[in-house]
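Trainee: I would like to learn how to read the features of a structure that is new to me. Where do we start?

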Amino acid sequence: MDIRKIAVLGAGQMGNGIAQVCAQAGYEVKMRDIDQKFIDKGLATIKKNLERGLKKGRITQEEIDASLGRIKGVLDLKEAVEDADLVIEAIPEIVKLKLDTWKAVDEAAPEHAILASNTSSISITQMAAVTKRPEKFIGMHFFNPVPVMGLVEIIKGQATTDETVKVIERVSHKVGKKTVLVNEAPGFAVNRLLVPAINEAIFAIQEGVATVEDMDTAIHLGLNWPMGPLTLADFVGLDTLLYISDYFVEEFKDSKYRAPALLRKMVRAGWVGRKSGMGFYDYSGEKPVPNRF
Ligand SMILES: NC(=O)c1ccc[n+]([C@@H]2O[C@H](COP(=O)([O-])OP(=O)(O)OC[C@H]3O[C@@H](n4cnc5c(N)ncnc54)[C@H](O)[C@@H]3O)[C@@H](O)[C@H]2O)c1
């Protein structure tokens, strides 16, 4: 099956990145959001990213113009998906919103279209089950920031066929990503390891094993992570980490995934990391200052 037209649902952090890499790879892209201001913001981000590439000599002005010319911002869902070969969804991580959206997409998209969700945690099988084409439903998990990160985790739901997997592997490779194939399970492969690892760092802080900066330096230099786990936690958002930890306990029925009390306390205090200005580091000054616990 040949994919030529892609509809991207959501023009936020992930959606605009996905639209960008698809357009750069030569696909015709419709990027849909629910308000023109989100579409404009998404398109502005794409333009800024591409122009950064121009300054670094990685892309020409002609390539920028051609890529931008292949992306159309769309408000109407039907218009976005009615001629799509592939729909990639990157709307907020809210189960009801995703299920309602997939029902509507299934009605409006051509019969041959493949439906892919960029969800971080919601069951692919659960979303596939509200459509009439669960065999064509799949997880396509990009990483943030999409134009920079080299991986797509492909997630097979209960009914996803090998043919659907092959098509999504081809598209992922064409947009410049390596792929791994995982069977559906909470957290797929990456978050299943990452979230308990970050939580373990927080348990260690809670127990007074090391300071925030020493734990970050230990893992940054000792394991060659690009940044320490507590800096990363502040980037991801402590509310998101807590949500995923609680979701893992609920799904796996295993307390080894439990969130540290310190994480829950910080979220209750509104200390959710960079986006709130306070987390394991204090972001109110020029440079982040580690907090003491
Ligand atoms: N942020 C990350 O690091 C990351 C990484 C991998 C996967 N994800 C997943 O990607 C998805 C999107 O996350 P994000 O960080 O881009 O969120 P975001 O809030 O930046 O963007 C979501 C966008 O979707 C729009 N939207 C809401 N309802 C919509 C609808 N019905 N149709 C079209 N657009 C709609 C919103 O207006 C918003 O612009 C989530 O499922 C998230 O779990 C996020």
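Predicted model: local features only at pLDDT ≥ 70, side-chain atom pairs only at ≥ 80, totals over all residues.

Trainee: Which domains does the assignment give?

Mentor: The domain assignment lists domain 1 as 5-183 and domain 2 as 190-290. Their centres, taken over C-alpha atoms, are separated by 29 Å.

Trainee: How should I think about a nonpolar core?

Mentor: In soluble globular proteins, nonpolar side chains tend to be buried together. Here the largest nonpolar core has 50 residues, and V8, I18, C22 and V87 have the most contacts inside it. Helix α1 (residues 13-24) contributes the largest share of this core, six residues. A second, separate core has 25 residues, including I205, M215, I244 and V267.

Trainee: What does V87 touch, not counting residues up to four places away in sequence?

Mentor: With that exclusion, V87 touches A7, L9, V81, V105, A109, A113, L115 and A116.

**The ligand**

Trainee: How many residues surround the ligand?

Mentor: The ligand is surrounded by 23 residues, and the closest are G10, G12, M14, S120 and N144. Both α1 and α5 (95-108) supply at least two residues each to the shell. The most comes from α1, with three residues. Sorted by class, the shell has 11 nonpolar, nine polar and three charged residues.

**A single residue**

Trainee: Where is R264?

Mentor: R264 is in helix α12, residues 261-268.

Trainee: Why does R264 count as partly exposed?

Mentor: R264 counts as partly exposed because it has 15 C-beta neighbours inside 10 Å. A buried residue would need 20 or more, and an exposed one 12 or fewer.

Trainee: What does R264 touch, leaving out residues up to four places away in sequence?

Mentor: R264 touches L242 and A259. For distance, take R264 and Y283: they are 19 residues apart in sequence and 20 Å apart in space, C-alpha to C-alpha.

Notes. Residues numbered from 1 in each chain as written. Domains from an automatic or database assignment. Core = buried A, V, L, I, M, F, W, Y, C linked by C-beta atoms within 7 Å. Helix = DSSP H or I, 4+ residues; strand = E, 2+ residues; numbered from the N terminus. Contact = placed C-beta atoms within 7 Å. Near = placed C-beta within 6 Å. Nonpolar A, V, L, I, M, F, W, Y, C, P; charged D, E, K, R; others polar.
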